[in-house]
Amino acid sequence: MNNQNEKTTSLPFFGIPKLLPFMKKYRGTLIFMVVCGLISTVMDILLPQFQGYALNEYITKGNLHGFHWFILAYVAGIIVSATSFFCSASNAMRVEVSVNRDLRNAAFEHLQTLSFSYFNQNSVGYIHARVMSDTSRIGSLVSWTMMDSVWHFSYLIGAVAVMLVLNTRLALMVITILPLIVILFSVFQKKLIRINREVREINSKITSNFNEGITGAKTIKSLVIEDKIQNDFVEDTATMRKKSVRAAHLRGLFAATMNMASSMALAIVLWQGGYLAAEEVGTFSMFMSYAQGMMEPVRWLIDAISDVITTQVNIERLMRLIETKSDVTDTPDVIEKYGDSFEPKRENWEEIKGDIEFKDVSFKYPDGDEYVLEHFNLKIPFGSNIAIVGETGAGKSTLINLVCRFFEPTAGQVLIDGRDARERSQLWLHSAIGYVLQTPHLFSGTIRENLLYGNPNATEEQIDRALKLVSADNVIAHLEKGLDSDVGEGGDLLSTGEKQLISFARAILADPRILVLDEATASVDTITEQKIQSAIDTIISGRTSLVVAHRLSTIRNADLILVVRDGKIIEQGNHEQLLEKKGHYYNLYTRQYEDEATGALLAGQV
């Protein structure tokens, strides 16, 4: 699914102007590449002159005087041509890998600045195709295609110039194919762009499905839906094949038409050139070499035009990503004072205490029509423990997303320490928040490396204390390499509960002023949950804590409980107050208590 901020529009001049900022830093290399390519072309244009001279002066006249100097000059020309071509090709390769790197870095860096809404609306495969596949094709365009264009166009121009000198009439016959190329190009361009855009889009979908087929392997097997996943994948690849074949047919028709036009022109040249051969063999030989040599640039032009048209789609897709605006941004004044996510000015950061206030806040999601919050007011003093409860899908994460500034209020203000959060940088706020998700995520690497993401300067004592505080030290004790054990991709070498404990310890190491627990104990067993729960009382002391809870027994001591239903806060108060109201919270609590009691009774009977 495409981000609604993205617009599909054709870029002028195949989108090349959009790439100029990425090419500018390599202008010296590009110029050297072009110069070497021109030298190589000049030598390729001169070599037929050597052949014509040999035929006219040595073969026809039977005179070998000075032939050894001719051979030396000819060999020198070949060496110069080969050397210049090598230099041009090596620099083209350098430009390709460098531009690829810069485009991927720019795309990945920009992804870090985009708000959650972008990732909610675009799949991993969709984004992956832009960052990896599209950049690869673009890198090839600005290097090899440019190098080839220098060689082929300069050869074409040089050959035509020499042929005009040799025989104007025959040269003009060759030149007549150029208007035909322009006409054919205009006819096929729009059709090729449209079909290639469709091919790239279905390719993104296939990549996304392939990614889900791997990451969701356990779920697929447990649901016994291998056949459905396979059928969906086969259906997508069949669509890809159908569209690719159609694109190939169009390209083939384009190429065949162009080749027929160039071959007919060459046939006319060969027919008329027979009169020239009767007069001067060497001159005819040069003319034929140039006429035949021009066919390669013409054929290259056919493929290059098609490739450029195809790559225009890649440029469009990548530039839409890079130019996509985030729903959450810092103002220029804020960036000037506090810096951004990549160049923070920490010396200007005020210390965060942890007071939070919702001031007349109304909010609806970027892709939604209904307001989730309307004129909502709430003060959360520093050190408060706020719990947010509700049934699955009730919208409990909305308040958390606003506090963390993952989304901006549609109206009103979220105040941090009495100031609008938008008056300071996102990184300033995020650096003071410890967030433990219901579904924990660990980065590839060791447990120690993952813990140090929370605090790169943490000592061994601090790490040990954090692990013991959440009972994660038992996990480490059972691993052969301890803290240096590898967690695998996404932490897959550990159980979900073990990953949760590590992510909990990581958040504690960050020593945040605001602690967010998003159903943080939902993935651990009851005994571990009890240990963590007893530690939470110690952890939240001296911090503002926001707890999204599924098990209501864990939040009975909260200072304030917010009850969410259908995306709106319908009740608020402490545990005793809400039970006295006998409203929605009362129903949730009693039902859950009865379920737990029944489960414990059945477990005891077994």
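I worked from a predicted model, in which local features need pLDDT of at least 70, side-chain atom pairs count only at pLDDT 80 or more, and totals for chains, interfaces and linings use all residues. Residues are numbered from 1 along each chain as its sequence is written, and side-chain values use heavy atoms, with hydrogens and water left out.

Entry 1, positive patch. I looked up Lys 191, Arg 194, Lys 242 and Arg 246, which form a positively charged patch on the surface. Helices H7 (177-215) and H9 (226-279) each give the patch at least two residues; helices are DSSP runs of H or I, at least four residues, and strands are runs of E, at least two. I found Lys 242 in helix H9. Lys 242 is exposed (over 50% relative accessible area), at 64%.

I placed Asp 367 in the loop between strands E1 (356-363) and E2 (373-380). Asp 367 is exposed, with a relative accessible area of 55%.

In residues 460-469, I noted Ile 463, Ala 466 and Leu 467 as buried (under 20% relative accessible area). Down the axis of H16 these buried residues fall within an arc of 100° (directions from the axis to the C-beta atoms), so they line one face of the helix. Glu 461, Arg 465 and Lys 468 are exposed on the other side of H16.

Notes. Patch = residues over 30% accessible without salt bridge, like charges linked within 9 Å, V, L, I, M, F, W, Y side chains within 5 Å. Areas by Shrake-Rupley, 256 points an atom, 1.4 Å probe, with all protein chains shown as cover. Salt bridge = Lys/Arg side-chain N within 4 Å of Asp/Glu carboxyl O. Lys, Arg positive; Asp, Glu negative; His and termini not counted. Charge placed at Lys NZ, Arg CZ, Asp CG, Glu CD. Buried < 20%, exposed > 50% of the residue type's maximum accessible area, 1.4 Å probe, protein only.
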